[in-house]
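Subject: Structure handover

Hello,

Here is the structure for you to look through. My notes on what turned up follow below it.

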Amino acid sequence: MSSATLLEPTHTQTAPTAPLISVEDLRVEFSTGRGVVKAVDGVNWSVQPGETMALVGESGCGKSVSALAVMRLLAKPAGRVAGGRIMFEGRDLLTLPESEMRELRGRDISMIFQEPMTSLNPTLTIGLQIMEPLKIHLGMSDEQATARAIELLGLVGIPDAERRLGQYPHQFSGGMRQRVMIAIGLACNPKLIIADEPTTALDVTIQAQILELMKDLSRRLGITLVIITHNLGIVARYADRVAVMYAGRVVEEGPADQVFGAPRHPYTIGLMRSVPRLDRPREYKLATIEGLPPNLLAPPSGCRFAARCPFRIEKCAIDPPYHYAGDGQRSACHRAEELAQGLAEQTAAVVAGTVGQATTEPLLVVRGLTKHFEVRGRGLMGTKGTVRAVENVSFSIEKGRTLGLVGESGCGKTTIGRTILRLEEATGGEVRFEGEDLVTASRARMKALRTKIQVIFQDPYSSLNPRMLVGDIIAEPLIFRRGIKKREARERVAELLVQSGLYADMADRYPHQLSGGQRQRVGIARALAMEPSFIVCDEPVSALDVSIQGQIINLLDELQERLGLTYLFIAHDLAVVRHISHRIVVMYLGRVMEMADRDELYAAPLHPYTQALLDAAPVPDPAMERARQPRALTGELPSPLAPPSGCVFHTRCPMASAECRQTVPEVREIRPGHFAACIKI
Amino acid sequence: MLRYLTKRILLMIPTLLGVAVLTFFMLRVVPGDIVELKLRGDGGTVTQEVIDRERTRLGLDKPLVIQFADWMKGLATFDFGTSMWTGRPVAEEISIRIGLTLQVAVMAAIISVLIALPLGTISALFRDTWIDYVVRVVTIAGLAVPSFWLGMLMIMGLLTYFHWSPPVTYTPFLTDPLANMSQLIWPALAVGYRYSAVVARMVRSSIIEVMKEDYIRTARAKGVFERLVVGRHAMRNALLPAITVVGLEFAFLIGGLVVTEQVFNLNGIGRLFVEAVSRNDFIIVQTLVLLIAVMFTVVNLLVDLLYGVLDPRIRFA
Amino acid sequence: MTAIDQNAGAPTVARRRQPNPVLAFIRFQPLGAAGLLVILIMAAAAIFADVIAPYDPEAIDFMAMLTAPSWEHPFGTDAFGRDIMTRIIYGARTALTIGFVSSFVGCSLGAIIGVSSAYFGGRVDLTIQRFIDILLSYPIIVLALVVVAVVGRQPIAGIDINLILAIAIPIIPRVARVVRSAALAIRAMPYVDAARAGGYSDAHIIFRHLLPNVLAPYLIMLTAYVAQAILLEASLSFLGLGVSEPKPAWGLMLSGDSSNFYQEAPWMIIFPGVAISLTVFAFNLFGDSLRDWLDPKFKT
């Protein structure tokens, strides 16, 4: 144990200039009905002028709270700063009078929030909202402010700025609203911008546009940027420095290259391993972080990560001090140095293994599936229209395999799942399950088949009946569909709970007493109770935190192997899909763009849309990110109510020609087993 | 906009027709009618012949459908028929009273909203302080105290301390504004209490909701003065649900007046309505019900239009 | 801040202390508990009126006309010398019975109509909705008065069924509309989709998934409309179109002659009004707290 010698004071390593902002020993508490939650508990981080810093961590780790504390915008009266300092240009923000703090907000420090849909005032024009800080802080006249607002909209890439100033937020798409938020943030030329999950609510291709814009502007205008995110790929692509937070504390901080290259904290290591990656093949299991983060109402003493740490030793019962390494990297782990050198031995086993092979007999064949919705616009004056949610989609899934269905919002992936389940009636085409067409199956026949086809939904909060006990939720299929006696059902419920990674005594709880990941496991247990052969997984992990995501993906993998299940896995995250699928279908606006085996698709994508999607998704590796030149797709996702003519992708396609506007491309087999719908290939 | 308005007004017609049909036929399924009540009510003995003659005079011997058609035809030409009890034209019975009722209703509505807006706002902004508790108790009480009893308490107080009692005759506003106001302010306050309690509660809860919105945080992050955060960013959004309540509760206000007019000796349409119900004077009842339904629908149309003005999402939809 | 149950990871976390719901309600909703207490006292008075009340509610005593409150007659007497406290205690029986029964009838019919409308959808839904729109353009008391005009003012078979109908009918469309939208929202929930994907019968889905989740809004409205119904009964009785003499009812005690005694016998006016207000106030307090209590947002 030589780590003690590594303890050195911080200033010998820090960068030469003074930081623009430094958060020192910040403590934030929230009083709740159950007691005081120490959401931020002694946090330090600082940012040099011109730098881009990322605060990473899972939900509830305190990353957003510490940013809100900087702005002094914590929700009152529940939240309050309990201690520490926030130094900005030599002044402690926490002790400034409110009037001075207000002058600082929006002028020297701006903030961009996660939800562009709700962060703009729906009843005020965009123009007024952009001009507000200009008038308040810079005392501009109407004309000056208007001129500046037009300039700003141009800067963030919103065309036709003059006209759009008079419009309201609902007339802008999500991506455009986030651009407006950025324009507001930039208005007074601030020194620091804090962006709190700025792209989490956006589609992948739009996310890439916004991030590129932010990076470009901050470099060009010399603005210091703090990005708060849970997405390690974003960190790798955009951050100079990174601070990893866990349970209200910073566990590791340092230059991005170093933290990614030689992480010195087991949580950082765990996080990076549990993210499914685009640049890695499927033949490994995700290493997961077992368990859940501690309850901050009563945090454990000592290292807060110890309970979940595979490198745990006795010493971890003592709170670890920071261990510093070169270039201002620091880590709160007793075994930091061992970890960095790869010497640390795991004291707990990590799940590992390979996935079994499957037969090649198709279980489900979808042919020419089409689903149109008749919609009526809002209000009485609404015009009727047809949403072509799914248009002539064909694919098949072999027994024991997983087909991944990827695409951005509005691409029809969820509708396909629902149509297969007959939660929606298909407009045309067929869905053959074990040779039998589900689209035309009688009600009685469908009812019989429903034990074989099950579903897992995205939202673990609303997919369980809040008024039923977990045990009753899982017993329902056993008792009412499989005719198992109540007493036996109880035993079977216990088995299913354990099989899904829960504890048998959780049967007596209500869903709201469980965490998100646990609820998702209950959803899985409910599906398994039917003993199905096929499960539609509709974005089963997208509402979960990274470390929990990994647990659920591994569980699905294991179950497939053990029970020979077949999955249709619907997701928007390419990396997740890659990890779990054998074959992948990429969709755009209701149509299939490309279809291939997983490795083939990721190694040699043919369709320009697939290529763009792969480009847009950042990989959690700074070296790789720097090496590639991301080509962000331009333009917005068209409305499914009025899809473009010809190839639906032509409005955003870098290769599009006049012909693409005319002809609807057929899905052709370009290489053996590799299909694409593009006339240019 | 014009198209929307036309469409809305056209949509009101089936609803109002429904009200007319429902009221008309409901009132006529009952055995025993006004004629018997009127002529035999005091135990007087009248021959069947007299009753039949009276029936024929009132048109009650015709089939129901014809009676209904006659009523509708009359409505189209603003001929509402004659009261079955007093024999005076319904239009006259109503027109001499409606001004009074409307004046009290409008006064009550204006006073209530003027009180409710600041009260609800203050309560929301000082949430969970003693100010808020006081406002909340006062407003919950507003839902509990019957307006007619409140009116009685007012009269009792005025009688005891100022020796003022509600005048028996009504002074029109134009004749003597001061006398008119001093007569009508009390009933307006009595029925307005509940109204302003409901609106204040709504304003309070919607301001609390709105203050949690992301765009309020955005405004603060821009360094907007707190005064402007509330006045410009929160108010407008918070008013939207409050306005709906103002419209819906207007009907309640009319309902409250039906009872409260009795207390203050006001000869308004509320009193006419109660008298008509107790005398089975169905022509008056059905006309008044229709009139009230029209008022209710029109008020709600106005509310929707106002909503459109305040909410750009509706305006452009 | 999501305060999720984070200790749930441990295997043997206690069979959670299931706190006594009554105690928990008192602790977290003290105002609601106070309301409930008042309601319980009123209910006890109503049930045990024969035992508690010092006099016969209908006994006329010309020797004791318009007596001011005293030890003998704590709330004084009315123009017939009847003891006001006694009449208020018996009035609680009238108010609570009519209030509860009409709210129950109105809310239940409303809930059934609302759920059916949402469940069947299409033409049925459209028809029911139009009908509800029509009924909603009558202010509550106006519709109640129309119903009184139809069913008459005499109790049917000694029970105030006429009054109960007059009060319940205006409640129906209001409840139906709320329950319909609640049911529509629940029908779109993923757990209902999961049940449909499970192949259960319609009845199974309605009874096990839809109704239990509509129960919360139903209970909240049931409480709120008891308050409304009591007010409405008082108003109708005050107008002389509700409960009729000599039966004791709060609204009735304020009607007719009582306004001649503003100065002579203010107790005749004060006490019945206080009884009405207090009871309605209690139901409103309780209803408000119940709404917060049953709202899953407030639970962790």
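A definition to start: pLDDT is the predictor's confidence in each residue, on a scale from 0 to 100. You need it because this is a predicted model.

Chain B has a mean pLDDT of 84. In that chain, 94% of residues reach 70 or more. Confidence is lowest in helix α2 of chain B (residues 34–40), with a mean of 65. Helix α9 of chain B (residues 214–221) is the highest, at 93. Where pLDDT is low, the predicted coordinates should not be read in detail.

Now the interface of chain A and chain C. The two chains bury about 3600 Å² between them. Carbon and sulfur atoms account for 50% of that area. Three arginines stand out on the chain A side: A:Arg34, A:Arg467 and A:Arg509 supply 16% of the area that chain A buries against chain C, more than any other three residues. In the contact are 45 residues from chain A and 33 residues from chain C.

Which elements of chain A supply at least two residues each to the side that touches chain C? They are α13 (443–449), β18 (453–456), α14 (470–480) and α16 (516–529). The largest share, four residues, comes from α14(A). By class, this side of chain A has 21 nonpolar, nine polar and 15 charged residues.

Best wishes

Definitions and conventions:
Residues are numbered from 1 along each chain as its sequence is written. Chains are lettered from A and ligands numbered from 1 in the order in which they are written. This is a predicted model: local features need pLDDT of at least 70, side-chain atom pairs count only at pLDDT 80 or more; totals for chains, interfaces and linings use all residues. Side-chain values use heavy atoms; hydrogens and water are left out. Contact means heavy atoms within 4.5 Å. Buried area is the accessible area (1.4 Å probe) that two parts lose on being put together, summed over both. Ala, Val, Leu, Ile, Met, Phe, Trp, Tyr, Cys and Pro count as nonpolar, Asp, Glu, Lys and Arg as charged, and the others, Gly among them, as polar.
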